[in-house]
Amino acid sequence: MIRRPLTLAYARWHARRPHVHDVDGLAILVNAGVFDPVLTKVGGWLAGVAPTLSRPGERWLELGTGSGVVACALARAGTRVVATDIDAEACRNARMNAALNQLDVDVREGDLFAPVAGERFDGIVANLPFWPGSDSAPIGHAFAAGDDFQLLRRFVAEAPAYTPRAYIVLSEAFVAFPEARAALGPAARLERRCWHRGEWLDLFAVD
Ligand SMILES: C[S@@+](CC[C@H](N)C(=O)[O-])C[C@H]1O[C@@H](n2cnc3c(N)ncnc32)[C@H](O)[C@@H]1O
């Protein structure tokens with residue numbers, strides 16, 4: 001179980017330092033203030049899983065791309081990718097990582113589905129914030145799911161208009177996992193459950 005005060009303090013400290021990770025052969029620069037996909041484990045894991053869900057040539061959307069690691073992994077596997085994030089710095093960071101790895105990712109800034117309004121995708125994958133509320137979020141947008149996990153609820157409600165296959169990941173190690181899981185609704189089904197670097201990570205299908 002994550003100890004919340006320690007997690008918050010460490011995440012705030014860590015978020016101020018730019019660094020580079022090797023994620024399965026991708027060079028991933030993480031700028032200050034952008035969500036670290038390796039420290040927090042979920043993004044790095046999802047970068048390995050997402051290409052196993054898609055097929056080359058398909059068109060996929062990654063919501064809340066952060067450093068762009070998942071979008072880059074999809075693009076490397078031959079998927080056409082649109083990646084969105086509400087945070088301007090995250091979008092800059094994702095574009096840098098796509099360029100660094102010589103990959104084609106269409107990065108767009110905006111709130112959830114707003115940058116892709118009216119478009120259709122073969123699949124959607126998301127590692128959205130699952131910290132309840134907004135005040136306690138360690139690095140702003142990257143962690144805050146809003147009151148009553150509003151962001152997760154919006155994802156579940158809006159995704160079917162954009163794709164027949166939508167996936168969202170949660171970590172069972174997170175202190176509010178039961179509430180975050182409940183926010184996905186009873187129809188969400190567990191697609192994958194993996195033990196990854198000391199945490200159970202769950203991928204839910206919400207189509
Ligand atoms: C938990 S991080 C995941 C980053 C990356 N996908 C990964 O797995 O490493 C969540 C990301 O969602 C973004 N985000 C938060 N609220 C959002 C919203 N309403 N619309 C789009 N992106 C949002 C944050 O800025 C952050 O980059």
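Two residues are taken to be in contact, or to touch, if their C-beta atoms, placed from the backbone, lie within 7 Å. The structure described here is a predicted model, in which local features need pLDDT of at least 70, side-chain atom pairs count only at pLDDT 80 or more, and totals for chains, interfaces and linings use all residues. Residues are numbered from 1 along each chain as its sequence is written.

The protein chain has six helices and nine strands. Helices (H or I, at least four residues) and strands (E, at least two) are DSSP runs, numbered from the N terminus. Of the 207 residues of the protein chain, 43% count as buried. A residue is buried if 20 or more other C-beta atoms lie within 10 Å of its own, exposed if 12 or fewer, and partly exposed in between, with C-beta atoms placed from the backbone. Among the contacts in the protein chain with a separation of 6 or more, 62% join residues 24 or more positions apart.

The largest nonpolar core holds 59 residues. A nonpolar core is a set of buried Ala, Val, Leu, Ile, Met, Phe, Trp, Tyr and Cys residues joined through C-beta atoms within 7 Å. The members that touch the most other members are V70, A71, V105, I124, V125 and L152. Helix α3 (residues 69-76) gives the most to this core, with seven residues. When residues up to four places away in sequence are not counted, L152 touches L128, F130, A145, A180, A183 and L184.

Helix α3 also meets helix α2. Two packed helices are described by the angle between their axes and the distance between the axes. The axes of α2 (residues 42-53) and α3 come within 8 Å and cross at roughly 25 degrees, which makes α2 roughly parallel to α3. Here, axes are lines fitted to C-alpha atoms, for helices over the stretch in contact, and angles run from 0 to 180 degrees between N-to-C directions. Angles under 35 degrees count as roughly parallel, over 145 as roughly antiparallel, 65 to 115 as roughly perpendicular and the rest as oblique. The crossing of α2 and α3 is right-handed, a crossing being right-handed if the near helix is turned clockwise from the far one by less than a right angle, and left-handed if anticlockwise. On the α2 side, G43, G44, L46, A47, A50 and P51 take part, and they meet V69, V70, A73 and L74 in α3. By class, this contact of α2 with α3 comprises eight nonpolar, two polar and no charged residues. Ala, Val, Leu, Ile, Met, Phe, Trp, Tyr, Cys and Pro count as nonpolar, Asp, Glu, Lys and Arg as charged, and the others, Gly among them, as polar.

R108 is found in strand β5 and is partly exposed, with 15 other C-beta atoms within 10 Å. Leaving out residues up to four places away in sequence, R108 touches V82, T84 and P115. R108 and I86 are 22 residues apart along the chain, and their C-alpha atoms are separated by 8.6 Å. The loop between β5 (105-109) and β6 (123-126) contains F121, and A114 is placed in the loop between β5 and β6 as well. F121 is buried, with 21 other C-beta atoms within 10 Å, whereas A114 counts as exposed, with 11 C-beta neighbours inside 10 Å. Apart from its neighbours within four places in sequence, F121 is in contact with R59, W60, L61, Y162 and T163. One of these residues, Y162, is 41 residues from F121 in sequence and 6.0 Å away in space, C-alpha to C-alpha. For A114 and T84, 30 residues apart along the chain, the C-alpha separation is 9.1 Å.

D148 lies in the loop between β6 and α5 (150-158). With 12 C-beta neighbours inside 10 Å, D148 counts as exposed. D148 and G133 are 15 residues apart in sequence and 6.9 Å apart in space, C-alpha to C-alpha.

Backbone angles were also considered. Most residues other than glycine have a negative phi. D24, although not a glycine, has a positive phi of about 50 degrees. D24 is located in the loop between β1 (19-23) and β2 (26-30) and counts as partly exposed, with 13 C-beta neighbours inside 10 Å. R197 is not a glycine either, and has a positive phi of about 45 degrees. The loop between β8 (189-196) and β9 (199-205) contains R197, which counts as exposed with 10 C-beta neighbours inside 10 Å.
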